[in-house]
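Student: I have a new model open and would like to learn how to read it. Could you take me through it feature by feature?

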Amino acid sequence: MTESTETVRPRRSARSTGWKALLRDVVIIFVVAVLVSFLIKTFVARSFYIPSGSMENTLQVNDRIIVNELQPRVFPLQRGDVVVFKDPGGWLPPAAPRTGNPIQLGIGAVLDFVGLGASDSDQHLVKRLIGLPGDHVTCCNTLGQMSVNGVPLKEPYVLLPVGQQAVSGKPFEVTVPEGKVWVMGDNRYNSADSRYHMEDPNKGFVPLSDVVGRAFVISWPVSHWSWLDNYPTTFAGTERKNE
């Protein structure tokens, strides 16, 4: 009896220890995965959805995009980049309160935390970067083109109303201050971008500190999947002498 009892007890202990070890490993893997996802979302990349048509036809309403947050934190932005930025002040209406039951709100908060949700997309804006700090941007010349540092741009991404030639219905001339950028939507006649905030405190310019990052790919829906081009040939020759 003694030998039999001593033989059974270690087996039970081994089963118990194995189960606890497995549970511990699963918890550790889960915590590490959540932490890695949070760090990626905070410092590397995150997802946003497109709530408006201001970037058509490049981006469609409800498209999802992935944003590289290393630009401009680590790497500089380029003219032509599609950028996501926080409201510089007065560009968007106040955020509507979130609705839903506690379970839905809780799941949404967790997804936002790890970077898989995008519930704050309607408090960010997405536009194309046209002018970097120091750039002189004007519109429009006799051909209806916009110019950057005296170089007329041929913009294949711009959506214009039928019969319209000028790439902006609002003429303007600006020099971009240090630490800020000038942005415009591709749907030029349906985008309340830098042109329409020139009377605001920031004069229509977006502080680089408000730029979340550069959008580089449309991730959803699958039928829209594509890399987002910054059209380097369009902006060729616009560099300033001190660049």
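Tutor: Let us go from the overall fold to single residues. One thing to keep in mind is that this is a predicted model.

Student: What is the secondary structure of the protein chain?

Tutor: The chain has 3 helices and 12 strands. Of its 243 residues, 37% count as buried. Among contacts with a separation of 6 or more, 73% are between residues 24 or more positions apart.

Student: Which residues of the largest nonpolar core touch the most other members?

Tutor: First the general idea: in soluble globular proteins, nonpolar side chains tend to be buried together. In this model the largest nonpolar core has 16 residues, and those touching the most other members are Ile130, Val137, Met146, Phe172, Val174, Trp182 and Met184. At least two residues of this core come from each of β5 (136-139), β6 (146-148), β8 (172-175) and β9 (180-184). Apart from it there is another core of 13 residues, including Phe48, Ile65, Val212 and Leu228.

Student: What does Met146 touch, if I skip residues up to four places away in sequence?

Tutor: Its partners include Ile130, Val137, Phe172 and Met184, and also Thr138, Cys139, Glu155 and Arg188. As for aromatic residues, ring pairs link Phe172, Trp182 and Phe205 into a cluster.

Student: Where is His124, and is His124 buried or exposed?

Tutor: His124 is in strand β4 (residues 124-131). Its relative accessibility is 12%, so His124 counts as buried. Setting aside neighbours within four places in sequence, His124 contacts Phe48, Val84, Phe85, Lys86, Leu92 and Val212.

Student: How many disulfides does a search of the whole structure find?

Tutor: A disulfide is a covalent bond between the sulfur atoms of two cysteines. Here the search finds 1, and this disulfide joins Cys139 to Cys140 with an S to S distance of 2.1 Å.

Student: Why is the disulfide of Cys139 and Cys140 called right-handed?

Tutor: Look at the torsion about the S-S bond: the value is about 65°, so the disulfide is right-handed. The two cysteines can also be read by accessibility: Cys139 is buried, with a relative accessible area of 6%, whereas Cys140 is partly exposed at 30%.

Student: What do I look for in a pair of aromatic rings?

Tutor: A pair of aromatic rings is described by the distance of the centres and the angle of the planes. The count in this model comes to 6 aromatic pairs. In one of them, Trp225 and Trp227 have ring centres 5.4 Å apart and planes at 70°, so the pair is edge-to-face. Trp225 is partly exposed at 47% relative accessibility, and Trp227 is exposed, with a relative accessible area of 58%.

Student: Which ring does the charged end of Arg128 sit over?

Tutor: The ring of Tyr157, with the charged end of Arg128 4.1 Å from the ring centre.

Student: Which residues does the side chain of Ser191 reach through polar atoms?

Tutor: Start with its place, in the loop between β9 and β10 (206-207). Ser191 is buried, with a relative accessible area of 5%. Its side chain makes a polar contact of 3.0 Å with the side chain of Lys127, and reaches the backbone nitrogen of Gly185 at 3.3 Å. Leaving aside neighbours within four places in sequence, Ser191 is in contact with Ser54 and Tyr196 as well as Lys127 and Gly185.

Technical notes. Residues are numbered from 1 along each chain as its sequence is written. This is a predicted model: local features need pLDDT of at least 70, side-chain atom pairs count only at pLDDT 80 or more; totals for chains, interfaces and linings use all residues. Side-chain values use heavy atoms; hydrogens and water are left out. A nonpolar core is a set of buried Ala, Val, Leu, Ile, Met, Phe, Trp, Tyr and Cys residues joined through side-chain atoms within 4.5 Å. Buried means under 20% relative accessible area, exposed over 50%, partly exposed in between (1.4 Å probe, protein chains only). Helices (H or I, at least four residues) and strands (E, at least two) are DSSP runs, numbered from the N terminus. Contact means heavy atoms within 4.5 Å. A disulfide is a pair of cysteine sulfur atoms within 2.5 Å. A polar contact is a pair of N or O atoms within 3.5 Å; within protein, one must be able to donate a hydrogen and the other to accept it, and residues adjacent in sequence count only if both atoms are side-chain atoms. Rings of Phe, Tyr and Trp (its six-membered ring) pair if their centres lie within 6.5 Å; planes under 30 degrees apart count as stacked, over 60 as edge-to-face and the rest as tilted. A charge sits over a ring if NZ of Lys or CZ of Arg is within 6 Å of the ring centre and within 35 degrees of the ring normal.
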